[in-house]
Amino acid sequence: MEAFIITVSTLVLLQKYARPDSVTYGTMLRACSNLLPRSDSRRHVLVERIFDRARAEGQVSQMVLTQLRFAASPDLYKRLTGRDVQTQLRFNQAPYAWKANVVESSQQRRRRRQRKQN
């Protein structure tokens, strides 16, 4: 639990000096899945709040969607994405508003260009 408190404290400090991005939100979701047991009622609340914030900020990347799948219960995942965990939501299927501010890395751009060329 101490590690999770440190993680949340770091996020709070980060928000004073920089704007959270998709990596921040994905990392926080991963922290929830790794540091909070599924039985902890706070996990459900935190996962929902983190994803809602990422969605509102247009920062839902593939990393965020992947980490959401691990952090959320199947019911919460379905409520947040409209999909079952088995038919998970992919980045290219997400509403544009959810991902409008995601900055693509140079590696992701190269992969996308290569797919278009093939």
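This is a predicted model: local features need pLDDT of at least 70, side-chain atom pairs count only at pLDDT 80 or more; totals for chains, interfaces and linings use all residues.

Analyst: Helix α3 covers residues 41-56 and helix α5 covers residues 74-81, and the two pack at an angle of about 20 degrees with their axes 11 Å apart. That angle makes α3 roughly parallel to α5. On the α3 side the touching residues are H44, V47, E48, F51, D52 and R55, and on the α5 side they are L76, R79 and L80. Sorted by class, this contact has 4 nonpolar, 1 polar and 4 charged residues.

Let's zoom in on L80, which belongs to α5. Its relative accessibility is 4%, so L80 counts as buried. Setting aside neighbours within four places in sequence, L80 is in contact with E48, F51, D52 and R55, and also with L68 and W98. As for F51, it sits 29 residues from L80 along the chain, with 8.0 Å between their C-alpha atoms.

Helix α4 runs over residues 62-71, and its buried residues are V64, L65, Q67, L68 and A71. What covers them? The cover includes α2 (22-35), α3 and α5.

Take α3 against α4 next. Their axes come within 11 Å and cross at roughly 165 degrees. An angle over 145 degrees counts as roughly antiparallel, and α3 and α4 are therefore roughly antiparallel to each other. This crossing is left-handed. From α3 come R43, V47, F51 and A54, and they meet V64, L65, L68, F70 and A71 in α4. By class, the contact of α3 with α4 holds 8 nonpolar residues, no polar ones and 1 charged. Notice that V47 and F51 turn up here against α4, and also in the contact of α3 with α5.

On to α2 and α4. The axes of this pair come within 8 Å and cross at roughly 15 degrees. Angles under 35 degrees count as roughly parallel, so that's how α2 and α4 run relative to each other. The crossing of α2 and α4 is left-handed. Split by class, the contact of α2 with α4 gives 9 nonpolar, 5 polar and 1 charged residues.

One last stop is K99, found in helix α6 (residues 96-99). Is this lysine buried or exposed? With a relative accessibility of 16%, K99 counts as buried, because the cut-off is under 20%. A polar atom of the K99 side chain lies 3.3 Å from the backbone oxygen of A94. Leaving out residues up to four places away in sequence, K99 touches G58, V60, F91, N92, Q93 and A94.

Methods: Residues are numbered from 1 along each chain as its sequence is written. Side-chain values use heavy atoms; hydrogens and water are left out. Axes are lines fitted to C-alpha atoms, for helices over the stretch in contact, and angles run from 0 to 180 degrees between N-to-C directions. Helices (H or I, at least four residues) and strands (E, at least two) are DSSP runs, numbered from the N terminus. Angles under 35 degrees count as roughly parallel, over 145 as roughly antiparallel, 65 to 115 as roughly perpendicular and the rest as oblique. Contact means heavy atoms within 4.5 Å. Ala, Val, Leu, Ile, Met, Phe, Trp, Tyr, Cys and Pro count as nonpolar, Asp, Glu, Lys and Arg as charged, and the others, Gly among them, as polar. Buried means under 20% relative accessible area, exposed over 50%, partly exposed in between (1.4 Å probe, protein chains only). A polar contact is a pair of N or O atoms within 3.5 Å; within protein, one must be able to donate a hydrogen and the other to accept it, and residues adjacent in sequence count only if both atoms are side-chain atoms. A crossing is left-handed if the near helix is turned anticlockwise from the far one by less than a right angle, and right-handed if clockwise.
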